[in-house]
Amino acid sequence: MTAPSSLESPVPAAAGRPRILLLGGGFVGLLTARHLLKQLKPGEAQVVVVDPRPYMTYAPFLPEVAGGSIESRHVVVSLRQALKGADVVTGTVTGMDPARKVAFVQPQEGEQVEISYDQVVVGLGAVSRTFPIPGLMEQAIGFKSVEEATACRDHILDRLDAAAVMTDPAAKARALTFVFVGGGYAGIEAMAELEDLVRASVKDHSGISQDEVKFIVVEALGRILPEVGPEMSLWSLHQLRERGIDIRLDTQLKSIEGGHAVLSDGTEFDTDTVVWTAGIKSNPVLANTGLPLDKLGRLTVRADLRVAGEDGVVEGAWGAGDACAVPDLTKEPGQFCAPNAQHAVRESKVLAANLVATLRGEGLTEYRHKYIGTVASFGIGKGVANTFGVKVKGFPAWVMHRAYHLYAMPTLDRKVRIALGWAASGMGVTRDMVAIGRQARPREDFVAAGAKPPAPRPVGDPAPSKS
């Protein structure tokens with residue numbers, strides 16, 4: 001790949017030390033770097049991590065952030081604090097030149113830079129998969145980041161506050177209609193946590209009744225939560241419908257222009273809230289790396305996590321996580337590991353060991369991990385789990401969900417903060433239902449304070465003409 005003009009690397013060269021460059025600071029980047037820093041001898045190699053954000057987000061806890069059970073800052077881990085001894089570059093990877101062994105990075109400000117490497121780990125992860133649906137880009141919000149989860153929560157609570165004083169039935173119905181597109185693991189957890197939050201919040205709004213609130217899930221397939229298996233998927237469907245959630249299977253969102261939803265089953269309605277969780281796709285920047293990709297745009301790697309194409313192994317290139325097609329050695333040939341945190345966490349350990357082994361001229365280890373199953377939360381005290389073939393429902397599954405993800409959360413600091421937060425709220429029996437929606441517009445009050453207030457006018461009088 002030929003890159004636009006680039007400046008010298010912002011990372012000082014370490015004389016005599018090979019450089020291991022990790023592209024992406026998510027599960028793969030953070031955990032691989034941590035394993036490397038523990039295993040490398042002093043002066044054996046330089047570790048550099050590049051990510052647009054200076055922190056790693058523990059995505060499995062995003063639904064609880066949206067639901068008000070966990071403080072948003074507690075699910076992010078500072079890369080600089082967690083990776084003492086590594087260099088952290090805040091910038092966006094725009095491409096690579098494998099022949100020259102350089103990566104192109106666009107910092108937050110200034111011109112693009114080049115960062116050279118001896119070994120590179122591509123852990124750029126996945127992004128939301130979208131479709132050319134009219135109005136989607138203007139109306140919907142995703143659910144892949146802590147910023148999006150927090151924005152969803154504040155927006156939905158804001159709609160409740162607005163609806164409580166509305167006198168127009170159509171406007172009120174629009175404000176209280178919440179649509180989630182996608183019935184997979186992420187979508188159902190996000191929707192269920194937010195529905196639980198809304199039901200609890202409505203009790204404090206005298207101007208809203210529970211039957212005025214509508215949650216609608218639009219799923220193109222014939223079932224929800226395929227990750228937990230057919231039996232538990234059907235049980236989950238019945239449980240959520242009993243809560244009054246309108247789940248439309250075999251249905252697609254055809255249009256959402258101006259907040260007017262049109263579904264493939266012919267249903268039409270207005271809404272102020274559309275949350276898009278309809279799957280993920282490999283990071284599109286991989287097309288600019290010059291590395292071999294499969295037909296789905298995923299990086300092709302071998303079981304030892306070295307990048308390899310039809311021409312063989314790419315020297316000094318490694319990959320793991322959601323953006324990679326990692327062979328699943330526990331299944332039949334041609335099967336790949338699921339793009340989830342469980343595999344990313346374990347791949348990172350093998351990847352770090354293989355990088356150290358490469359530096360020392362030792363043999364490599366293949367990644368092999370049998371999928372242990374999944375756990376999902378549907379709100380406080382409610383959940384479903386299917387682990388090692390054992391199916392668990394309700395409160396025990398919810399406890400398993402919290403226990404597993406607390407264990408998997410990186411850094412002791414964050415584990416303690418989350419656990420203390422749960423304990424402070426009576427082990428999670430209450431939620432934080434305060435929206436700070438104006439945090440996205442912090443100067444609004446300051447500007448308003450300096451403006452001349454509008455003259456009051458009697459209710460019912462038309463607004464003054466702007467002409």
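## Cysteines

A disulfide is a pair of cysteine sulfur atoms within 2.5 Å. By that criterion, the whole structure contains 0 disulfides. The structure is a predicted model, in which local features need pLDDT of at least 70 and side-chain atom pairs count only at pLDDT 80 or more, whereas totals for chains, interfaces and linings use all residues. Residues are numbered from 1 along each chain as its sequence is written, and side-chain values use heavy atoms, with hydrogens and water left out.

The sulfur of Cys337 has its closest cysteine sulfur in Cys324, at 11 Å, which is too far for a bond. Cys337 counts as buried because its relative accessibility is 8%; buried means under 20% relative accessible area, exposed over 50%, and partly exposed in between, with a 1.4 Å probe and protein chains only. Cys152 is likewise buried, at 2% relative accessibility.

Two packed helices are described by the angle between their axes and the distance between the axes. Axes are lines fitted to C-alpha atoms, for helices over the stretch in contact, and angles run from 0 to 180 degrees between N-to-C directions. Helices (H or I, at least four residues) and strands (E, at least two) are DSSP runs, numbered from the N terminus.

Helix 5 (residues 146-163) packs on helix 7 (residues 185-202) at an angle of about 30°, and the axes are 11 Å apart. The two helices are therefore roughly parallel to each other; angles under 35 degrees count as roughly parallel, over 145 as roughly antiparallel, 65 to 115 as roughly perpendicular and the rest as oblique. Their crossing is right-handed, a term for a near helix turned clockwise from the far one by less than a right angle, with anticlockwise giving left-handed. On the helix 5 side, Cys152, Arg153, Ile156, Leu157 and Leu160 take part, and they meet Leu194, Leu197, Val198, Ser201 and Val202 of helix 7. Contact means heavy atoms within 4.5 Å. The residues of this contact comprise 8 nonpolar, 1 polar and 1 charged, where Ala, Val, Leu, Ile, Met, Phe, Trp, Tyr, Cys and Pro count as nonpolar, Asp, Glu, Lys and Arg as charged, and the others, Gly among them, as polar.

## Helix 10 with helix 11

Helix 10 (residues 395-408) and helix 11 (residues 412-424) have axes 9 Å apart and pack at an angle of about 150°. They are therefore roughly antiparallel to each other. Helix 10 passes helix 11 in a right-handed crossing. Arg402, Leu406, Tyr407 and Ala408 of helix 10 make the contact with Lys415, Ile418, Ala419 and Trp422 of helix 11. By class, 6 of these residues are nonpolar, no residue is polar and 2 are charged.

## Helix 1 with helix 9

Helix 1 (residues 27-39) and helix 9 (residues 341-359) pack with axes 8 Å apart, at an angle of about 35°. The crossing of helix 1 past helix 9 is right-handed. Residues of helix 1 in this contact include Phe27, Leu31 and His35, and those of helix 9 include Ala341, Val345 and Leu355. The contact divides into 12 nonpolar, 4 polar and 1 charged residues.

Pro60 lies in the loop between strand 3 (55-57) and helix 2 (62-66). Leaving aside neighbours within four places in sequence, Pro60 is in contact with Phe27, Glu189, Ala341 and His405. Pro60 is buried, with a relative accessible area of 11%. Its C-alpha atom is separated by 24 Å from that of Asp158, 98 residues apart along the chain.

## Other buried positions

Asp51 belongs to strand 2 (residues 46-51) and counts as buried at 13% relative accessibility. Not counting residues up to four places away in sequence, Asp51 touches Gly24, Gly25, Gly26, Leu79, Val89, Thr90 and Gly91. The C-alpha atoms of Asp51 and Gly26 are separated by 8.3 Å, with the two residues 25 apart along the chain.

Thr271 is in the loop between strand 16 (268-270) and strand 17 (273-276), and is buried at 1% relative accessibility. Beyond four places away in sequence, Thr271 touches Arg174, Thr177, Phe178, Val179, Ile256 and Gly259.

## Positive phi values

Most residues other than glycine have a negative phi. Lys101, in the loop between strand 5 (87-97) and strand 6 (102-107), has a positive phi near 55°. Leu305 also has a positive phi, near 75°. Leu305 lies in the loop between strand 19 (299-300) and strand 20 (306-309), and counts as buried at 0% relative accessibility.
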